[in-house]
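I opened the model to take notes on one chain and its partner. The entries follow in the sequence in which I looked things up.

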Amino acid sequence: MATTLLSRRMLIGVLAAFGLLAIVILLSLGVGSDNAIGLAQVFAVLQGAGDDQARLTVLDLRVPRTIIGVLVGVALGSAGALLQAAARNPLAEPGLLGVSAGSATAVVVSIALGASLNNLQVGVAIFGALIGCSVALGVARMSGLGDDPIRLVLAGAALSSMLAAVSSVILLTDQRTADEVRFWTIGAIAGRNLSSITSAIPVLLLGLAVALLLARPLAALALGEKVASGLGQRPKLVRTGVMISVALLVGSATAMAGPIGFVGLVVPIAARAMVGPDIRRALILAVLLGPSFVLLADVLSRIVARPTETPLGVISALIGAPILVLIVRSQRLPAL
Amino acid sequence: MSVSPPAALQTQNLVLGYQRTTIIDQLNASIPHGQVTAIIGPNGCGKSTLLAGLAKLHPAKQGQILLDGQDIARLSPREMAQALALLPQDGVAPDGMTVADLVRFGRHPHTGLLRQWSKEDQQAVVTAIATADLMAMADRPLTTLSGGQRQRAWIAMALAQSTPLLLLDEPTAALDLGHQIEVFELIRQLAAEGKTVVMVVHDLASACRYADHLIAMCAGSIIAAGAPNAVVTPELIHQLYGVHCRLIPDPISGTPIIVGVQKSQKSEGKNQKG
């Protein structure tokens, strides 16, 4: 009888996820939008050698980009796993439910009001995410809606469109804001230096710590609200915690890279496929798989339309949208 | 049952309800120690609310609930879960969850960040699975079990909480006769091992047969309580369900069986209250 959460399947899953991450990090360091600098030069640079061009590309572009990709992947992967478990809905994803849109709209509004992307307050992004998250989970708990995963996503799509409309109006009427955030609103981890994200990192770590603390009570909540209460959990407190954690995670990811959809959908699904539905296992796997997904999408963004780069958010949507359609079309949505 | 044993749980003028509606009104109930108590009554009379209230899932609007003489208002959810185990009806097991996975949840009130999984927890899980006679299928997903086995797995989760008190909300709902008996016999066995069991039951014959103590509820109040043979009368059945019937003793257990049930003409208004 399996006596703890540390099953063989979990061990294999974690090792596989680490292996995948190592490969993808190498790809992210070694692949550019042209073939000028390959892995050999990357290793040379990392050991202190290499010419100036290679040093610039690797140290100032690819390394920061890879680090941001890892952070964004951790944040969005774990936020998705958490949100899906709390909403008991395999389609609950920060992007689809309007959490990312809430965060992005708050940022656009703040820039229109005079802020700048360079000194972007991560608090603004978190505030927007919190609003989006509470609306999404509030809708999920409305009678009748919570039982139907697809209707929840429809409600999220409505919220996202509304927020996107607000952003569009601002971007159309305000040239300065539009110039500042054009690339950012599609989602990108390129061209941002590490200093611009230092304020987001503590927020991300806090969100992740809250998420890990919530894993156990959330696992009990998966058995039903009353069952969890009978086991001594406090469902309301747990859901509030999820909202805060998701807001911190999505807010920090949005501040770093703009709104990137579908990471929180695809990653938890892959995690559950590997280690089963228990959120305590799935969350760990989502933390490890999230960076792989983001970096893989980012590497693709460099090569699908060489020599120009495609925004990361576009690639992520190109991968995620067909998967969403597949899930919705499958005979039965898995119960969480 | 010569001497009435001390109460494991007692309510004093208990009022339960949601914002403005009152579901349980001024209720005084007493759950005897080490026995099986069945709560019966028509749909919507407040049985499940009372059971959830006893587990402190609903805060008392007035009155109090005493657990071994102590007011439960002072206990945290975790302390409550260490003292009594509630098995509600809304339980759902995620796809792929095994019996052992489920039963391990019963140790939640005893483990946490500071108190990691121990041998004692492991022992409690194994004992619970063995008591529910599910050892052979401990690693099987719940979806592959029969209805009766699945229900026993849920009861095993409650057992793993290692509490002297067990509250079960319709433990045999949606089970066929054979599976119902599986579950009821497990409940009798638990009482024989010294547990106090409170269950909400719909089937009167089963309630009479498997419970030592009956609490009959109607519209949020108790209208009769005591040993099944003493309290179940045609008048009580009429009061509860608005039907006329006759009672004959079960040839084996001697407990009452209800026969010849007929809808009474004049009591239709009464039944709607439930």
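Entry 1: I began at G17(B), which stands opposite T22(B) in strand β2(B). This is a predicted model, where local features need pLDDT of at least 70, side-chain atom pairs count only at pLDDT 80 or more, and totals for chains, interfaces and linings use all residues. Residues are numbered from 1 along each chain as its sequence is written, while chains are lettered from A and ligands numbered from 1 in the order in which they are written.

Strand β1(B) covers residues 7–17, and three bridges join β1(B) to β2(B), residues 22–27, in the antiparallel sense. I took strands (E, at least two residues) and helices (H or I, at least four residues) as DSSP runs, numbered from the N terminus; two strands pair if DSSP finds at least two bridges between them. β1(B) and β2(B) form a hairpin with four residues between them.

I then asked which other strands β1(B) is joined to. Five bridges join β1(B) to β5(B), residues 62–67, running antiparallel, and there L9(B) stands opposite L67(B).

**Entry 2: L16(B).** Is L16(B) buried or exposed? L16(B) is buried, because 25 other C-beta atoms lie within 10 Å. My cut-offs were 20 or more other C-beta atoms within 10 Å for buried, 12 or fewer for exposed, and partly exposed in between, with C-beta atoms placed from the backbone.

I listed the contacts of L16(B), leaving aside neighbours within four places in sequence: I23(B), I24(B), T49(B), L50(B), G53(B), H58(B), A60(B) and K61(B). Two residues are in contact if their C-beta atoms, placed from the backbone, lie within 7 Å. I also checked L16(B) against P59(B): they are 43 residues apart in sequence, with 7.3 Å from C-alpha to C-alpha.

**Entry 3: β7(B).** In a regular strand the side chains alternate between the two faces of the sheet. For β7(B), residues 84–87, I found L84(B) and L86(B) on one side and A85(B) and L87(B) on the other, all buried. β7(B) pairs with β8(B), residues 165–169, in the parallel sense over four bridges. L86(B) has L167(B) as its bridge partner in β8(B).

**Entry 4: chain B as a whole.** I counted ten helices and 13 strands in chain B. Its radius of gyration, taken over C-alpha atoms, is 19 Å, close to the 19 Å of the globule rule for 274 residues, so chain B is as compact as a globular protein of that length; the rule is 2.2 Å times the number of residues to the power 0.38. Of the 274 residues, 45% count as buried.

The UniProt record (unreviewed entry) places "domain: ABC transporter" at residues 9–244 of chain B; such annotations may be inferred rather than shown by experiment.

**Entry 5: confidence and the partner chain.** Chain B averages a pLDDT of 88, with 94% of the residues at 70 or above; pLDDT is the predictor's confidence in each residue, from 0 to 100. Over residues 267–274 of chain B the pLDDT is below 50. The predictor gives the complex an ipTM of 0.87 and a pTM of 0.86.

I noted 23 residues of chain A and 26 residues of chain B in the contact. Helix α10 of chain A, residues 225–230, gives the largest share of the chain A side, five residues.
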